[in-house]
Amino acid sequence: MRYIIIGAGAVGGTVGGRLAQAGREVVLVARGPHLTALAEHGLRLRVPEGELTYRLPVVDGPGPLGALRADDVLVLAVKTQDTVAALETWAEVPVTGGGTATERLPLVCLQNGMESGRLALRRFRRVYGVCVWLPSTFVEPGVVSAAGTPLTGILHLGRLPHGTDGADDPDGTDDTACRIGADLADARFEAPVVPDIARWQYAKLLWNLGTAFEAVCGPAADEAAHALLARVRAEGEAVLDAAGIAHTSAEEQRAARGDKVTLVPLDGAPRGGGSSWQSLARGTGTIEADYLNGEIVLLGRLHGVPTPLNELLQRLADRFARERRAAGSMPVKELARLADEAADAAR
């Protein structure tokens, strides 16, 4: 299979680079200075064993590829706020032998949150979700880093919406998912194919509720910060319980991860924070909070559960992105004060 990585940033670039290292055929899709750097100098992937360079085909969209191949796998690795534009760009591309991408090709959502999978299912027949545990960083145009060892990341994978192909796989397996999982396993990932991918994704969503906090205040560094994060995630758990949405427990997640992905310092590739922190640090003007904290806010409103802290973080993260404020520039004490006010007002 050929993997077309739509959004070759931190996560997409790392997965694309590791797949190429494992001998798989990869095409990178990028834009702007990143596209230029990839085309001129190749993908530079900084990992614990050193800096690796891959000269891969890179395009800004489907045009240069012509008709897609029947064995292509589209890997969507853009931020959720860019999903609709990416789907519109790739859905109607013709596939050799007849039909279009939306009718014939698998689409893998290598993204945080739940919304991208829903958006993809509106257009694509075959959609796969991934629970992404992959510490990676966009360093500069053409350069991404991933500090995990011995595995680069853990990517639980499953067919959306229910994990299997239904009548096509009565024993509960999915041949495409298994082939993708095997390729990822050869590329220094653990990629178990699971029938309950949503359980893993919702658990990751609860963890990702802290990314807006990190973007606004920086990584949690003291007891007060951790206590505030615990309150934010408790809101999320209460909402999922009210909605009857199952998620893997912290114990199940720890057992799955173990010590398989240990971070090591990388020269010239500092990791300042997660994806939302990186969005602010790069001054992109957008952030994923509407689809992370905002997912909990939406579910809370649908099921009558107050979510004042997640509403606050969503609003602050959006404002920081819109106004291009510095990542981590709000003191934790200020956020705690605002959180207490928001909680009091919601009572």
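Trainee: Which residue in strand 4 stands opposite Leu45?

Mentor: This is a predicted model: local features need pLDDT of at least 70, side-chain atom pairs count only at pLDDT 80 or more, and totals for chains, interfaces and linings use all residues. Residues are numbered from 1 along each chain as its sequence is written, and side-chain values use heavy atoms, leaving out hydrogens and water. Helices (H or I, at least four residues) and strands (E, at least two) are DSSP runs, numbered from the N terminus. In strand 4, the residue opposite Leu45 is Leu52.

Trainee: How many bridges join strand 3 to strand 4?

Mentor: A hairpin joins the two strands through 2 residues. Leu43 has Tyr54 as its bridge partner in strand 4. Strands pair if DSSP finds at least two bridges between them. Strand 3 (residues 43-47) and strand 4 run antiparallel, and the bridges number 5.

Trainee: Which strands are the edge strands of the open sheet of 4 strands?

Mentor: The strand order is 4-3-10-9, with mixed pairing. An edge strand pairs on one side only. That describes strand 4 (50-54) and strand 9 (136-140).

Trainee: By how many degrees are neighbouring strands of this sheet turned against each other on average?

Mentor: Axes are lines fitted to C-alpha atoms, for helices over the stretch in contact, and angles run from 0 to 180 degrees between N-to-C directions. For this average, direction is ignored. The value is 25°.

Trainee: At what angle does helix 1 run to strand 3?

Mentor: Helix 1 (residues 10-21) lies across strand 3, strand 4, strand 9 and strand 10 (143-146). Contact here means heavy atoms within 4.5 Å. Helix 1 runs to strand 3 at about 90°.

Trainee: Is strand 1 enclosed or open, and why?

Mentor: Buried means under 20% relative accessible area, exposed over 50%, partly exposed in between (1.4 Å probe, protein chains only). Arg2, Ile4 and Ile6 are buried on one side, Tyr3 and Ile5 on the other. Because 5 of the 5 residues of strand 1 are buried, the rest of the structure leaves this strand largely enclosed.

Trainee: Which residue is the bridge partner of Arg2 in strand 2?

Mentor: Strand 1 and strand 2 (residues 25-29) run parallel. They are joined by 5 bridges. The partner of Arg2 is Glu25.

Trainee: Which strands stand at the edges of the open sheet of 8 strands?

Mentor: The order is 5-2-1-6-7-8-12-13, with mixed pairing. Each edge strand has a single partner, so one side of each is left without a neighbour in the sheet. The edges are strand 5 (58-59) and strand 13 (189-190).

Trainee: What angle does helix 7 make with strand 8?

Mentor: Strand 7 (residues 107-109) and strand 8 (residues 127-133) pair in the parallel sense over 3 bridges. Helix 7 packs on the sheet and touches strand 8 and strand 12 (153-160). Its direction and that of strand 8 make about 40°.

Trainee: How much space lies in the largest cavity?

Mentor: On a 1 Å grid over the protein atoms alone, a cavity is a set of points where a 1.4 Å probe fits but cannot get out; a pocket is an open set with protein on both sides within 12 Å along at least five of seven lines; lining residues have an atom within 4 Å of a point. The count is 1 cavity of 30 Å³ or more. Strand 1, helix 1 and helix 6 (175-186) each supply at least two lining residues. With grid points joined across faces, edges and corners, and volume taken as the space filled by probe spheres set on them, the largest cavity holds about 60 Å³.

Trainee: How many nonpolar residues are in its lining?

Mentor: Ala, Val, Leu, Ile, Met, Phe, Trp, Tyr, Cys and Pro count as nonpolar, Asp, Glu, Lys and Arg as charged, and the others, Gly among them, as polar. The lining includes Tyr3, Val15, Leu19 and Leu184. It has no polar and no charged residues. The nonpolar count is 11.

Trainee: Which helix gives the largest share of the lining of the second largest pocket?

Mentor: This pocket holds about 240 Å³. Its lining has 5 nonpolar, 3 polar and 4 charged residues. Helix 7 (197-217), helix 8 (223-243) and helix 9 (250-257) each supply at least two. The largest share, 4 residues, comes from helix 9.

Trainee: What is the relative accessible area of Asp183?

Mentor: Asp183 is found in helix 6. Beyond residues up to four places away in sequence, Asp183 touches Met1, Tyr3, Leu19 and Arg24. Asp183 is buried, because its relative accessible area is 11%.
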